Amino acid sequence: MSGVREKKLGSLYRRRVWPSVFALIFFAVACLATFAVFLYLFVMCIMGTKVVGHYEDAQRVSGILSALMDGGDTVEEAAEEMHDYILGNQDICVVDRNRNIVFLTGDSEPDFTRKLQFKVGREFTAVADSKSFLAPDEGMRTIQSIPVKDIVGSVFDPMDEKETRTQWLGETVIRQDYWLRVPFRDETYALYVKSSLQAQRQDIIYVYLFGFGVMALLLIPMVLLFVNTIRTAVLQRRMSRLIYLDTVTGGRNWLFFQNYAHRILSRIRNNKKAFALVNLHLERYQNYRACYGVKAGDELLEAMSGFLNARVGKNESFARYEGADFGMLLACTGESEKERQENCRKRVRSLLAELTGLRPNQKIHFHAGIDMIPPYVDKDGKWYHRRKDADVEQLYTYANAARLESDTVEEQRIPFFDQDMLGRQKWERWVEDTMETALHNGEFQVYLQPKYSPASGKLVGAEALVRWVSLSTGMITPSHFIPIFERTGFITQLDDYMISKVAKMQAEWMIQGRKMIPISVNVSRAHFAQEGLAEHICGLVDAYGPDHGLIELEVTESAFFDDKDILIETVKQLKAYGFRVSMDDFGAGYSSLNSLKDIPLDVLKLDGEFFQGDEEGAKRGEIVVREAIRLARDLDMCVVAEGIEKKEQVDFLTRQGCDMIQGFYYAKPMPVEEFEKKVEEDA
Ligand code: C2E
Ligand code: CA
Ligand code: CA
């Protein structure tokens, strides 16, 4: 999964639900605020109308009082007189500057400690009534304290007469007394007129109806928005499940794994912990699908997924990468790197063992590779930074690269990724990338290693060995690139090149009148798969025209384990063309004496391994060599001993009648010019 695709999917996931949730919350708050404001304004409007009425009444009282005082009355007299006019209706209270009551009617008085200042169109000043204000226990109730059923309950009662209903609606359910201050002409006194804020049943009903109306209006979009949010959330859950679903195993997919593993690794509290990224690979999965069917193949992966799911713990995760490859993030315990590696290896090994038993009647094999992720320390030794740059895909690639190094099923080796491994793999890449250009540029050179006859001490032959003299890297020996060439098949091109070079060299020597020395060239086992190999080689040599008898073709012993019939056929044809054919590296691997019986070879090259090892080994080696030489002689084969470095070995081989010796004792592989000089000196 590419980073861009992953980011896009991630943002898709994040973007969906939160805007709806925020919109819902915002709208709900806005609705409540609007509702409260509307209700407040509505109530104020009703109350305001009443207060304005009271104020006008009070102003009238003030006017009369004022008029009486104009007629010469003192304030007390005027109030006394005034009281007669308004008797029974409105209580009044006259106070002096110090709020001492000068005149008061009624059984209650203003409570100056509870002053009210409010605005309904204009500013009013009032004080609470000492008796009734906010004292619901005396039959007065505030709006909040009236149960709804008191107000609306009997509305639904059958009402026979219209009049009774009007009466019922007009009943006062709330009474709140207060004292309104009105302007009074003489500033030495203040006039307070007692008024009563009353709410009739119908007022309350209006307020409730209005409230319900506004609520209902706001509730509809809110419900719609709520439903939409829920739908979005459900949709998104489904979508995220789909985005993160592995359709084959039914578990979480690779995208999920990448995100989740990254989250685990980048948690600050996980910095001190070590982890391992593991690549689990089911061998020959395609073969399994071919034999048991696609469905059975999928079911196997599903079972693997279920199994792994039961085995991963907290701070761990896994997912299928592709095919039958799984990636796992495992937490590792242990004090040292070595201990952690060991623990991790043990755990993975037991996982593999259990997985192998997943299908009791079918043989399935697994391989694994591990990339350790050590505890995370910053450059300055602090822990507070996150392991943000952890690239899960890259770590998995390393684990995979490690796994590729274990290709023997029986061994159940579980390799760990390290920098050497990366170095090796980078080297392989480099070789693969540059080999063709190098061949084209003539960077491959023929080196010749002389073969001597121990009996005469003369130079009697040579083996052509390749050297890569790279323009960028310098001299590279065959062991660094031949295995890669063999794997990629490029070796056949190199062999052709070497055969041509040697043929050309021989032809030149002939023209120059030099001493003709037989040269052997290596032919890789990969070459024998090619049809008409003998003709092909013949064609390469004939392009320059040297005598076929001067060219020997070395076939490694291991090639005899491939398709034997083709090999025998090719060897016979090569011999028919007049080339000599030798068995290279005899004794290096699993020797089969049988191959000597079947294939009419000219030369047996004894591998240097026979002569290595401790004293005891060398002694036993001598016995084998003695017998091998006797065997070759009986089969009419010429014997060449390779890798000979010591005089004793030469003496021994001379005694045994070995025909030729090739080894550092005599000479190392050398460039052609040097070899030509050596031949001249030897003559
Ligand atoms: P080989 O065919 O067995 O070649 C002999 C190797 O043994 C050479 O290594 C040679 O340098 C080395 N050798 C010779 N005498 C001694 C000795 O006394 N002591 C020690 N320690 N080593 C000795 P080299 O040149 O590095 O080649 C390694 C292998 O690469 C060859 O093993 C051969 O299998 C392959 N190779 C080399 N050139 C070619 C080629 O042109 N084509 C193919 N197909 N393979 C080649
Ligand atoms: Ca050889
Ligand atoms: Ca050899």
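Strands β12 and β16 (580-586) and helix α14 (491-512) each supply at least two residues of the shell around ligand 1. The model is predicted. Two calcium ions, ligand 2 and ligand 3, are 3.8 Å apart. Aspartate 584 coordinates both of them.

**Ligand 1 and its pocket**

- The space taken by ligand 1 is the largest pocket.
- Strand β12 gives the most to the shell around ligand 1, with four residues.
- There are 21 residues around ligand 1, and Gln449, Arg467, Asp495, Glu645 and Phe664 come nearest.
- Aspartate 495 has a polar side-chain atom 2.9 Å from a nitrogen atom of ligand 1.
- In glutamate 463, an N or O atom of the side chain is 3.1 Å from an oxygen atom of ligand 1.
- In glutamate 642, an N or O atom of the side chain is 3.5 Å from an oxygen atom of ligand 1.
- Ligand 1 exposes 790 Å² when taken alone, and the protein buries 78% of that.

**Calcium ion, ligand 2**

- Four residues coordinate the calcium ion (ligand 2): Glu463 (OE), Asn522 (OD1), Glu554 (OE) and Asp584 (OD).
- Their distances from the calcium ion (ligand 2) run from 2.1 to 2.3 Å.
- Along the chain, the donors of this ion follow the spacing E-x58-N-x31-E-x29-D.
- Glutamate 463 lies in strand β12 (residues 459-470) and glutamate 554 in strand β15 (residues 551-556), so the pair ties together parts that are 91 residues apart in sequence.
- Both glutamate 463 and glutamate 554 are buried.

**Calcium ion, ligand 3**

- The protein donors of the calcium ion (ligand 3) are Asp584 (OD), Asp585 (OD), Glu642 (OE) and Glu642 (OE).
- These donors lie 2.2 to 2.6 Å from the calcium ion (ligand 3).
- Their spacing along the chain is D-D-x56-E.
- Aspartate 584 bridges the calcium ion (ligand 3) and the calcium ion (ligand 2).
- Aspartate 585 has a relative accessibility of 25%, so aspartate 585 counts as partly exposed.

**A buried aspartate in a loop**

- Aspartate 246 sits in the loop between α6 (201-243) and α7 (254-266).
- Its relative accessibility is 6%, so aspartate 246 counts as buried.
- The side chains of aspartate 246 and arginine 320 make a polar contact at 2.9 Å.

- Most residues other than glycine have a negative phi.
- Arginine 99 has a positive phi, near 65 degrees.
- Arginine 99 is in the loop between β1 (92-96) and β2 (101-104).
- With a relative accessible area of 42%, arginine 99 is partly exposed.
- Arginine 284 also has a positive phi, about 50 degrees.
- The loop that holds arginine 284 runs between β7 (274-282) and α8 (285-292).
- At 59% relative accessibility, arginine 284 counts as exposed.

Definitions and conventions. Residues numbered from 1 in each chain as written. Chains lettered and ligands numbered in written order. Predicted model: local features only at pLDDT ≥ 70, side-chain atom pairs only at ≥ 80, totals over all residues. Heavy atoms only, no water. Donors = N, O, S within 2.8 Å, 3.2 Å for Na, K, Ca; no water. Buried < 20%, exposed > 50% of the residue type's maximum accessible area, 1.4 Å probe, protein only. Near = heavy atom within 4 Å. Polar contact = N/O pair within 3.5 Å; in protein donor to acceptor, adjacent residues only side chain to side chain. Areas by Shrake-Rupley, 256 points an atom, 1.4 Å probe, with all protein chains shown as cover. 1 Å grid on protein atoms, 1.4 Å probe; cavity = no way out; pocket = protein on both sides within 12 Å on 5 of 7 lines; lining within 4 Å. Sits in = over half its atoms within 2 Å of the grid points.
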